[in-house]
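Here is a walk through one protein model, taken one contact at a time. Keep the sequence and the structure open side by side as you read.

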Amino acid sequence: MAGDLGRAGTLTAPHEAARSLRCPAMSNSTGEPRRLADIAQYDVIGRRSRRDLTAIVELAAKICGTAMASVNLITDAQHQVATYGFDPATCSLADSICAQYLERPTPMVVPDVHADPRFADHPSVTGDGPEIHFYASHQLVTPAGVVVGTLCVYDPVARTLDQTQIEALSTLADRVIDALELSVRNRQLAASNDRLMSFAGRVSHDLKTPLTSLSLSLDMLREQIADGEDPAELTWLLDRAVQGSRRMASMIDDLLAYARLGGQPATGPVDLDGILTEALADQSEAYLDADVRREPLPTITGDTAQLRALLQNVLDNAAKYRHPDRRLALVVSARQTDRGWQISVADNGIGIQAPDRERVFAPRVRLSTEGTGSGIGLDTCRRVVQAHGGAIWITETDGGGTTVWFDLPR
């Protein structure tokens, strides 16, 4: 049976491994996108055989009393991702019984392929590989009903299976799919946990700015009261603290709504000019001695929480990475384009070298060891802009510094 088990290697005894054997290939429907996509997500092709799958094929061989067994996944070739009694390999579709009969009602039991007229001219019978007589297979069917391959058992001696063995083969085929699906779910859970940690980090980062403003206002209020200041003259500090707390409450509500929506941006009118005013107020201590020039920003359709985080993080970076030898200058401008609006925030800080201007948008990348940056601010900005269908990039400010540009389509 050269095609299914290969044209190389010799089977020396029924229960002795045959080395470098080849596997069954694939049916005429192998190119189906859904099958290929499902197999790709299992991420087992080309990797070392997994212990759980190897244990299943060994159990299948022992229950069925055969010398060999394999799990075969069918793409544009057949891939043995787990075997018992021989080494796993990949083979062409033409060399495979499994592939050609993949859509046949399962299970398929052939007591002797040499005596079966269906296989008289098949490469598995006429080839020069190890002589295999008995062949049985069961489809591997995903929960969505897609046939992705087979669980096969083989033997050099003609034989058959009783009903108990056939039922066991069916049960084990289901366990193969269970194992593959479980690995997918585990990877998805790990990715979800990573996203949750990243989201928690961004929330903490974004809330820190209004919290700092609130704390500073309360500290100043306490000090001035202790110094005997007239309480009536301190109303502006109290108002500032109240505004900061309200912005924090609003941000928390928006972020929770954002999380409940699975991270999809909400759509509604967003006054970017008003958000910029709030963001500058929250960071007023950082901009006390700064020269801030701003053009009117538009009202667009988008997600208020996300766009607030975008402007807040860009301003935060400008304040953190100011140049030590000059007064911080900031220019915020906007211009209308064919697609929507293009916003720029230019500072005269320490700047970012050209090779690093794309890298800084990656998560947790910090170019400077100074300051308190977490390395997630610009990653947040990129995510927000992309969620709104736009693009973000960095250039050098004339005279030195960093200019952050981002498009926000209509």
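**Charge pairs, core and surface**

Arg118 and Asp116 join their side chains in a salt bridge, with N and O 2.8 Å apart. Bear in mind that this is a predicted model. The two partners sit in unlike surroundings. Arg118 is partly exposed, because its relative accessible area is 39%. Asp116 has 14% relative accessibility, so it counts as buried. The cut-off for buried is under 20%. Side chains of opposite charge can pair when their charged atoms come close.

How many salt bridges does a search of the whole structure find? The search finds 13. Two others are worth a visit.

Go next to Asp178 and Arg175. Their salt bridge has its closest N and O atoms 2.7 Å apart. Both residues belong to helix α6, three residues apart, so about one helical turn separates them. Asp178 has 39% relative accessibility and therefore counts as partly exposed. Arg175, at 36% relative accessibility, is also partly exposed.

Now take Asp289 and Arg322. Their side chains meet in a salt bridge at 3.4 Å, N to O. This pair links distant parts of the chain, 33 residues apart. Asp289 is in the loop between α8 and β8 (291-294). Arg322 is in the loop between α9 and β10. Asp289 has a relative accessible area of 44%, so it is partly exposed. Arg322 is partly exposed too, at 25% relative accessibility.

The largest nonpolar core has 35 residues. Those with the most contacts inside this core are Leu272, Tyr287, Leu307, Leu310, Leu315, Ile392 and Phe406. Several elements give two or more residues to the core. The helices that do so are α8 (272-282), α9 (304-320) and α10 (377-387). The strands are β10 (329-336), β11 (340-347), β12 (392-396) and β13 (402-409). Which element gives the most to this core? That is α9, with seven residues.

Back to the surface, where like charges gather. Glu223, Asp227, Glu229 and Asp230 form a patch of negative charge there. Look at Asp230 in particular. Asp230 lies in the loop between α6 (163-226) and α7 (235-260). Its relative accessibility is 42%, so Asp230 counts as partly exposed.

Another loop has a backbone feature to check. Most residues other than glycine have a negative phi. Asp43 is not a glycine, yet its phi is positive, at about 55°. Find Asp43 in the loop between α2 (33-42) and α3 (51-64). With a relative accessible area of 34%, Asp43 is partly exposed.

Finish at Pro111. Its place is in the loop between β4 (108-110) and α5 (123-126). Pro111 has a relative accessible area of 39%, so it is partly exposed. How far apart in space are Pro111 and Asp155, C-alpha to C-alpha? The distance is 9.6 Å, with the two residues 44 apart in sequence.

Note on methods:
Residues are numbered from 1 along each chain as its sequence is written. This is a predicted model: local features need pLDDT of at least 70, side-chain atom pairs count only at pLDDT 80 or more; totals for chains, interfaces and linings use all residues. Side-chain values use heavy atoms; hydrogens and water are left out. Patches are made of residues with over 30% relative accessible area and no salt bridge: like charges are joined within 9 Å, nonpolar side chains (Val, Leu, Ile, Met, Phe, Trp, Tyr) within 5 Å. Accessible areas come from the Shrake-Rupley method with a 1.4 Å probe; for residues, only the protein chains shown count as cover. A salt bridge is a side-chain nitrogen of Lys or Arg within 4 Å of a carboxyl oxygen of Asp or Glu. Lys and Arg count as positive and Asp and Glu as negative; His and the chain ends are not counted. The place of a charge is taken as NZ of Lys, CZ of Arg, CG of Asp or CD of Glu. Helices (H or I, at least four residues) and strands (E, at least two) are DSSP runs, numbered from the N terminus. Buried means under 20% relative accessible area, exposed over 50%, partly exposed in between (1.4 Å probe, protein chains only). A nonpolar core is a set of buried Ala, Val, Leu, Ile, Met, Phe, Trp, Tyr and Cys residues joined through side-chain atoms within 4.5 Å.
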